[in-house]
Amino acid sequence: MPIHEKTLIRPENLVTNDELVIDGVDVSGHWSTFIKPRTITDYNEAMQEEIAALPGGENIHRCWQCGSCTNSCTMNAVNPEFNPRYWIYLIRQGLEEELLRDKDIIWQCVSCNKCTYACPRDVVPEAVMKATAHWLELKGHTSESPSSVFDRGFTDNVLKSGKIEEGHVLRIFFWRTGQPLAPPWLRDLIAGLVKKFPVFYLFNLLKTAVFRPKTRGWGKTGVAIEDYVRERHAEQAQALGLSGKGGH
Amino acid sequence: MAKDLKEKDLKQVAYYPGCALEGTGHAYNRSTKAVGKALGLELVEVKDWNCCGAMEVKNIDPQVQTYLSARNLTKTEEMGFNVVMAPCNGCYHNLKKAEYDLAQNPQAVEANERISAKAGHHAYRPGGVETIHALDWLKRAVGEEELARRTAGKLKGMKVANYYGCMYTRPRHIFPEKDQGEGSESTYAPHFMDDLLASAGAENVDFPLKTACCGGAHAMSDADTSTQLVLNILTTAEACGAEVIATECPTCHTSLEIHQLRAEKLLGRKTNVKILYFTQLLGMALGLSQRKVGVAENMADPRAYLREKGLK
């Protein structure tokens with residue numbers, strides 16, 4: 001299996017002139033292909049430390065760039081631009097601007113853990129991807145991703161009741177992402193299911209929608225977790241030099 | 001760490017269904033209980049259980065996820081059980097991960113003790129409870145020989161692709177009992193589901209995407225990617241000659257089902273493969289009716305196909 005490489009030369013920096021004479025020598029056409037020089041002066045030296053301060057980013061310093069993560073990556077097979085090895089390299093070098101070019105796809109990691117399985121250095125690339133996506137949001141480089149919106153709605157439901165009600169989590173997700181109704185394909189599917197009329201199932205779904213499932217004696221537990229999360233998020237905001245707000 | 005469990009210990013185990021099995025995975029819950037009953041195994045539901053954190057809470061804070069899972073292990077201990085069976089891959093994975101983290105990560109231990117104290121119950125210490133999957137449960141408490149005897153090859157002529165998903169085998173360090181040679185589960189090429197269904201007469205096809213990802217974690221938040229991943233799984237299963245994909249996880253199962261329609265639209269034709277929980281297949285092999293194992297709750301209607309195979 002090949003190690004997936006990524007060229008650092010961008011297509012827009014390759015220049016070919018049809019007619020060009022340099023020092024009296026005609027170098028038109030093929031012989032005049034140049035790479036525009038690119039100088040990086042702005043290294044973000046704090047970036048690695050900041051990402052390492054977020055949950056999951058702890059082991060990023062251990063990476064030795066073998067590429068096993070990208071090679072095994074589910075998302076890389078879907079989109080070759082999805083390249084954990086490359087992003088870890090950029091973070092460790094402090095190449096923030098380069099990382100920001102991919103800021104809108106990093107959250108797409110599906111947490112299949114193939115990278116974690118393959119990594120010989122226990123970097124836990126899956127968790128590093130989550131920490132990086134999180135960092136991008138906290139720093140204001142991206143708005144909250146659909147995945148984060150979902151995670152937040154889900155966790156709110158767990159902290160409140162101890163259990164989740166899937167329908168409720170979905171409704172909150174569609175509402176918060178500005179889709180007041182479920183997407184049409186999902187509605188078609190539900191309509192198809194209702195036609196078959198599996199009594200037990202429909203009754204069960206209705207029951208959980210009306211009487212939200214709740215863990216008995218949960219109250220204190222939810223509060224204890226909320227306190228803990230608030231404290232941790234304040235610590236993380238401080239590590240990232242963000243004043244006051246807890247992040248979420 | 002893995003305790004040497006005698007068969008008799010598994011005749012009665014604590015049962016942690018998890019949230020999905022009370023909602024979209026209802027058929028998995030029904031069929032698991034029905035199979036247990038038919039085989040004389042007793043499941044005792046964990047009292048006042050809570051969500052394990054699934055794929056979501058860890059992204060808010062991983063320590064909270066560890067606590068949530070550990071609380072269920074505490075509840076299991078409080079009932080006097082030292083084995084808990086979780087049929088959902090996500091739950092199973094998270095309970096295993098909590099066990100691992102509490103043995104390895106001081107920060108997880110500290111968070112668990114702090115939140116447990118405030119919530120007013122004792123903090124779980126690793127080594128108290130062994131978490132097993134429904135596959136371990138049936139394989140160890142009943143075994144292939146007994147299943148073969150009880151089912152008399154009822155699944156004969158059924159071509160099955162066994163789909164295990166991500167959470168059952170990855171990452172390998174949280175499953176210390178796997179990859180221990182003969183008789184143990186493999187994280188690279190899992191085979192427990194294959195073994196169980198083969199003992200009931202099913203013909204397992206050689207399926208290379210056994211542990212591929214269905215995109216379940218982003219089934220809603222990144223639906224296009226999930227559809228693409230599901231399309232791969234469906235068409236590969238078809239190409240391998242499978243008529244059925246057997247699942248062992250409500251997230252995989254639901255993701256395959258809800259994305260099947262979209263995937264078919266993308267592909268421009270219907271896919272000819274049914275999606276069933278392995279417990280539904282085993283239940284029917286044990287002579288239970290389609291209704292008893294909740295087949296009507298499956299979205300891609302498999303009823304006609306099952307009748308054709310002689311399963312009523």
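Predicted model: local features only at pLDDT ≥ 70, side-chain atom pairs only at ≥ 80, totals over all residues.
**Notes on the two-chain model**

1. Let's start with one residue: B:Leu10 is buried, with 20 other C-beta atoms within 10 Å. Here buried means 20 or more other C-beta atoms within 10 Å of the residue's own, exposed means 12 or fewer, and partly exposed is in between, with C-beta atoms placed from the backbone. B:Leu10 sits in the segment before β1 (12-15) of chain B.

2. Residues are numbered from 1 along each chain as its sequence is written, while chains are lettered from A and ligands numbered from 1 in the order in which they are written.

3. Now for B:Ile275, which belongs to strand β8 (residues 274-277) of chain B. Helices (H or I, at least four residues) and strands (E, at least two) are DSSP runs, numbered from the N terminus. B:Ile275 counts as buried, because 26 C-beta neighbours lie inside 10 Å. Setting aside neighbours within four places in sequence, its contacts include B:Ile245, B:His253, B:Leu256 and B:Asn298; a contact is a pair of residues whose C-beta atoms, placed from the backbone, lie within 7 Å. B:Leu95 is 180 residues away from B:Ile275 in sequence and 26 Å away in space, C-alpha to C-alpha.

4. Chain B is split into domain 1 (7-133) and domain 2 (144-308), with bounds that come from an automatic or database domain assignment. The C-alpha centres of domain 1 and domain 2 of chain B are 23 Å apart. Their contact draws on 23 residues from domain 1 of chain B and 26 residues from domain 2 of chain B. On the domain 1 side, α1 (26-38) and α4 (89-104) of chain B each give two or more residues, and α1(B) gives the most, with nine residues. That side has eleven nonpolar, nine polar and three charged residues. For these classes, Ala, Val, Leu, Ile, Met, Phe, Trp, Tyr, Cys and Pro are nonpolar, Asp, Glu, Lys and Arg are charged, and the others, Gly among them, are polar.

5. Chain A has twelve helices and four strands. Its radius of gyration is 24 Å, whereas a compact globule of 248 residues would be near 18 Å; the radius is taken over C-alpha atoms, and the globule rule is 2.2 Å times the number of residues to the power 0.38. The C-alpha trace of chain A spans about 85 × 45 × 35 Å along its principal axes, and 33% of its 248 residues count as buried. The assignment gives chain A domain 1 (47-143) and domain 2 (146-235), with C-alpha centres 28 Å apart.

6. Take a look at α7(A) too. 13 of its 14 residues are buried, so the helix is largely enclosed by the rest of the structure. Just after α7(A), A:Gly140 has a positive phi of about 80°.

7. Finally, how do the chains meet? The contact takes 53 residues from chain A and 48 residues from chain B. Among the elements giving two or more residues to the chain A side are α9 (166-176) and α12 (219-239) of chain A, but α8(A) gives the most, with eight residues. By class, this side of chain A has 26 nonpolar, 15 polar and twelve charged residues.

How values were computed
Contact = placed C-beta atoms within 7 Å.
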